[in-house]
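Colleague: I have a model open and a few questions about it. Can we go through them in turn?

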Amino acid sequence: MTSTSTSPGLARFNVLEEHAAHAVLLEACASTAWARRLLVARPYATAEDLYATSDAAMAELTADDLAEAMAGHPPIGRPKPGDPASAREQRGMAGASEELKAEMLELNLAYQERFGHVFLICATGRTGEQMRDAVRERIGNAPEREREIVRTELGKINRIRLARIVEEDARP
């Protein structure tokens, strides 16, 4: 994803009016603190500059900021209706058996009861079984450890979503 010149998508993002850029960023991540940090650093010379700023902003998010970001993510196996990003990212659950979907629902509920938020994982490219295995593994984590894993997973998701923004050649 290294870029030596500004892509058309990144150039477009750099010149968006602040409110429009803010809306684009909130679609990528529901944390207002993260979005503000990325906004004030515009313009970006390269996509890597944008990703580095995103990573730095993720590292600084408070527990409340992380909670705000996680609230923008639906449970695994239940993408937001009408949200193509959510459906695309959770594609690995689309063809899962009814048994696996039911097991994921139970695991999601147990995880949410234990940690107080949805199970968050960068689901892009993962199968339903891999996601199930990850929640099984992580449900036993200490809350502090799990919060840092969530921060890492959220950072991966944000990079994927930012890449979609900067790699766009044209908007309708």
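Colleague: Start with Glu27. Is Glu27 buried or exposed?

Modeller: Exposed, at 64% relative accessibility. Buried means under 20% relative accessible area, exposed over 50%, and partly exposed in between, with a 1.4 Å probe and protein chains only. Keep in mind that this is a predicted model, where local features need pLDDT of at least 70, side-chain atom pairs count only at pLDDT 80 or more, and totals for chains, interfaces and linings use all residues. Residues are numbered from 1 along each chain as its sequence is written, and side-chain values use heavy atoms, with hydrogens and water left out.

Colleague: Which helix holds Glu27?

Modeller: Helix 2. Helices are DSSP runs of H or I with at least four residues, numbered from the N terminus.

Colleague: Which residues lie nearest the centre of the largest pocket?

Modeller: Glu27, Arg88, Arg161, Arg164 and Ile165, out of 10 lining residues. The volume of this pocket is about 280 Å³. Helix 2, helix 6 (84-89) and helix 10 each supply at least two residues of its lining.

Colleague: What counts as a pocket or a cavity here?

Modeller: Both come from a 1 Å grid over the protein atoms alone: a cavity is a set of points where a 1.4 Å probe fits but cannot get out, while a pocket is an open set with protein on both sides within 12 Å along at least five of seven lines. Lining residues have an atom within 4 Å of a point. Grid points are joined across faces, edges and corners, and a volume is the space filled by probe spheres set on the points.

Colleague: How many cavities of 30 Å³ or more does the structure hold?

Modeller: One. The largest cavity has a volume of about 140 Å³. Of the 15 residues lining it, His73, Glu89, Gln90, Ile121 and Ile157 are the closest to its centre. Helix 10 provides the largest share of that lining, three residues.

Colleague: Now the core. Which residues touch the most other members of the largest nonpolar core?

Modeller: Phe13, Leu25, Trp34, Leu38, Leu50, Ile76 and Leu162, in a core of 45 residues. A nonpolar core is a set of buried Ala, Val, Leu, Ile, Met, Phe, Trp, Tyr and Cys residues joined through side-chain atoms within 4.5 Å. Among the elements giving two or more residues to this core are helix 1 (8-15), helix 4 (47-60) and helix 10 (143-166). Helix 10 gives the most, with seven residues.

Colleague: What is Phe13 in contact with?

Modeller: Ala21, Val24, Leu25, Arg42, Tyr44, Leu50 and Ile165, leaving aside neighbours within four places in sequence. Contact means heavy atoms within 4.5 Å. Arg42 also lies over the face of Phe13, at 5.5 Å from the ring centre. The rule for that is NZ of Lys or CZ of Arg within 6 Å of the ring centre and within 35 degrees of the ring normal.

Colleague: And the peptide bond from Arg42 to Pro43, cis or trans?

Modeller: Cis, with omega near 0°. Most peptide bonds are trans. Pro43 sits in the loop between helix 3 and helix 4. Asn14, in helix 1, touches Thr6, Arg42, Pro43 and Tyr44, not counting residues up to four places away in sequence. Asn14 is buried, with a relative accessible area of 15%.

Colleague: What about Ser54, buried or exposed?

Modeller: Buried, at 0% relative accessibility. Ser54 lies in helix 4 and touches Trp34, Leu38, Asn158 and Leu162, again not counting residues up to four places away in sequence.

Colleague: Last topic, rings. How many aromatic pairs are there?

Modeller: Three. Tyr111 and Phe115 have ring centres 4.6 Å apart and planes at 45°, so the pair is tilted. Rings of Phe, Tyr and Trp (its six-membered ring) pair if their centres lie within 6.5 Å; planes under 30 degrees apart count as stacked, over 60 as edge-to-face and the rest as tilted.

Colleague: Where do Tyr111 and Phe115 lie?

Modeller: Both are in helix 8 (residues 98-115), four residues apart, about one turn of the helix. Tyr111 is buried at 0% relative accessible area, and Phe115 is buried at 14%. The rings of Tyr111 and Phe119 have centres 5.2 Å apart and planes at 80°, so that pair is edge-to-face. Phe119 is buried too, at 1%. Ring pairs link Tyr111, Phe115 and Phe119 into a cluster.
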